[in-house]
Amino acid sequence: MTSSSDMKGNWEGRGMVWVFAEQSDGELARVSLEILGRGQELAKALNGQVWAILLGSGVTGLSEELIYRGADKVLLGDGPTLGDYDTSIYCRAVTDAALEHKPDILLMGATDIGRDLAPRVAARLGTGLTADCVALDIEQETGLLLQTKRGYSGNMILTFVCPDHRPQMATVRQGVLQPCPRDASRRGDIVSLSICPGQENLRLRILKKAKRAGQDSSPQEARVVVACGRGIGKLENFRKLEELAQSLGAAVVATKEITDLGWLPEGHMVGQTGITVKPELYIACGISGAIQHTSGMWGSGIIVAINKDPKAEIFKIADYGIVGDVNEVIGALIEELDGLKTGWGGCT
Amino acid sequence: MNVIVCIKQVPVSGTVSIDPRTGALKRENVPGVINPEDLCALEEALLLKQKHGSRVTALSMGPPQAEGALREALAMGADRAVLLCDRAFAGSDTLVTSYVLAQAIRKLGGFDLILCGKQSADGNTAQVGPELAERLGLPQVTSVQRLEVYQERLEAERAVESGLQWVEARLPALITVTRRINTPRQPSVEAILVACREKEVITWKTDDLGIDTSSMRFLESPTRMAAAWVPEPRKREGEMLAGPTKEAVRTLLERLRQRQVI
């Protein structure tokens, strides 16, 4: 007997798509809703259903929201041991439920939690996992999940399949899929899971937590984004760039070189190993346009590039380009914008 | 205290290409380095060695040329280096990689701590660490940027989206680290010479690991690449705004206002 038939066994045929509904402090992760939106279409292609699996403490109220957002059924684990994310307890809950109901597909957000949990679950179930997908489709002839990600420095698109093992698992990058519109007339079942405490030796004890300081709105949700690259030079120039962002009501993001310097948290790094953004306006300041960065932003509405090198790659994907000293241009922009504001003061 | 560090040799950034005929990665004759986060894991192990007198074993699965990465680990101060190298391992996905590593770690015997980089610079999956922890039945702490190890437990600071977390885990445990945790040392030229000429890199094949190759059950990767292509970014009719800075900036703001994005 081959391993394939061992692995797949009778685990098949119902077209069930599961989405791990990540929440923290009672708030659903946006990426989970995005996956749920896509999950609904995948389930349709398989003539199946999309179920959400929701774990936490005092999160029962979120179940309805998941149904409004496309879930046909919610598997709910609500209890004090699930309050803080713990790899061992969450892994046990997800794998127990998966072994009982045998979903064809199991999807999670490529968040810190998703990327901590998904491989643990995949290893326990003995199945394949594709990290950080940017597209999910069903292959018509085979019904297999096509798991598409960027690879090798962002300059390749790779599609993976998991033909003989179930569930087919993937983590999905935030900001690449569309959530369903909320429909409060949708109805669905909510089923309670019984939760095992998990193995004691695997438990982590959380000693302390600190929330990230500042307003820190997610750059993925910003309408306007100002991006900083190495060309900015020094920290005080970066402060000027932040001022520009403030004048525009924009979020600040950066290339890896800048987040490596610690000027911005890693969660603001755009590109292959960071986040993907698609704002209406993206202003690239002192960014050369290496594929590692641009693969995370080329879906933006309007791209403005400011760089002193007229041959910089970034100009090839820009709608508007200014060749010049980036700090001088930033200074002029701030001046003009502040001027505009004063000028319009009476009208608004 | 016994510490095992898992390292992967990765191609120097930008040197990997895909064979358009077969869709396979062309990795041969590509210069390799230790994956940056794995290098930090190794450095952290060496700091533990200085502090607690730990014994550090560097472990890598890869083609014969990955021996170079292990020699570098020896030059930095690792006590022992093991290469898991067999044709049967080629093309393994993360699940199979974690299986082979787990077999080797079981054979190495008693350990207190396994250190891995969070993710590799070429694959970027961040999966091998947690999959290995699961196979060995260990607690895992991922994305660690600060680590204290005590007699029977560790304390780690990890960076997550919502902020920072300080957690405690019992030993033995598996930790994945980010580059924030330390700055790896540079081995001296002398140490490199000694590592290259006098030290041993142990090589284990399937037989050494007790892997039965007649049944491919454990070495068959569940995931398979179905397609690979180079994407074309949307071509844009870019307009270069010339002239003195002030003028260019004014034109820009005018265009953006016309298009109602500011």
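The paragraphs below lead through a predicted model, beginning with the contact between its chains and ending with a strand inside chain B.

The contact between the chains takes 67 residues from chain B and 71 residues from chain A. On the side of chain B that touches chain A, the elements giving two or more residues are the helices α3, α4 and α6 (245-258) together with the strands β9 (140-149), β10 (153-160), β11 (163-170), β14 (224-229) and β15 (239-240). The largest share of this side comes from α6(B), which gives nine residues. By class, the side of chain B that touches chain A divides into 32 nonpolar, 16 polar and 19 charged residues.

Strand pairing also links the two chains. Strand β12 of chain A, residues 205-211, pairs with β11(B) in the antiparallel sense over six bridges, and within this pairing K208(A) stands opposite W166(B) of β11(B).

A further link is found in an open sheet of six strands, where the pairing is parallel and the order is β14(A)-β13(A)-β15(A)-β16(A)-β17(A)-β15(B). At the edges stand β14 (251-254) of chain A and β15 of chain B, each with a single partner strand, so one side of each is left without a neighbour in the sheet. Within the sheet, strand β15 of chain A (residues 281-285) and strand β16 of chain A (residues 302-307) pair in the parallel sense over five bridges, and A284(A) has A305(A) in β16(A) as its bridge partner. Helix α6 of chain A, residues 235-248, packs on this sheet by touching β13 (224-228), β14 and β15 of chain A, and its direction makes about 175 degrees with that of β13(A). The helix α6(B) packs on the sheet as well, touching β15, β16 and β17 (320-323) of chain A, with a direction that makes about 170 degrees with that of β17(A).

We turn next to helix packing within chain B. Two packed helices are described by the angle between their axes and the distance between the axes. The axes of helix α3 (residues 94-108) and helix α4 (residues 128-136) of chain B come within 9 Å and cross at roughly 50 degrees, which makes α3(B) oblique to α4(B); the crossing is right-handed. Among the residues making the contact are L95(B), Y99(B) and I105(B) of α3(B), and V128(B), E131(B) and R135(B) of α4(B). By class, the contact of α3(B) with α4(B) has eight nonpolar, three polar and two charged residues.

For helix α2 (residues 67-76) and helix α5 (residues 189-197) of chain B, the axes come within 8 Å and cross at roughly 130 degrees, and α2(B) and α5(B) are therefore oblique to each other. Their crossing is right-handed. Here R71(B), L74(B) and A75(B) of α2(B) meet A191(B), I192(B), A195(B) and C196(B) of α5(B), a contact with six nonpolar, no polar and one charged residues.

The last stop is strand β12 of chain B, residues 173-177, where five of the five residues are buried, so the strand is largely enclosed by the rest of the structure. In a regular strand the side chains alternate between the two faces of the sheet. Both faces of β12(B) are covered, with A173(B), I175(B) and V177(B) buried on one side and L174(B) and T176(B) buried on the other. Strand β8 of chain B (residues 113-117) runs parallel to β12(B) and is joined to it by five bridges, with L174(B) as the bridge partner of I114(B). Three bridges join β9(B) to β12(B), again in parallel, and there V144(B) has V177(B) as its bridge partner.

Terms used. Residues numbered from 1 in each chain as written. Chains lettered and ligands numbered in written order. Predicted model: local features only at pLDDT ≥ 70, side-chain atom pairs only at ≥ 80, totals over all residues. Axes fitted to C-alpha atoms, helices over the stretch in contact; angles between N-to-C directions. Helix = DSSP H or I, 4+ residues; strand = E, 2+ residues; numbered from the N terminus. Parallel < 35°, antiparallel > 145°, perpendicular 65-115°, else oblique. Left-handed = near helix turned anticlockwise from the far one by under 90°. Contact = placed C-beta atoms within 7 Å. Nonpolar A, V, L, I, M, F, W, Y, C, P; charged D, E, K, R; others polar. Pairing = 2+ DSSP bridges. Buried ≥ 20, exposed ≤ 12 C-beta atoms within 10 Å, placed from the backbone.
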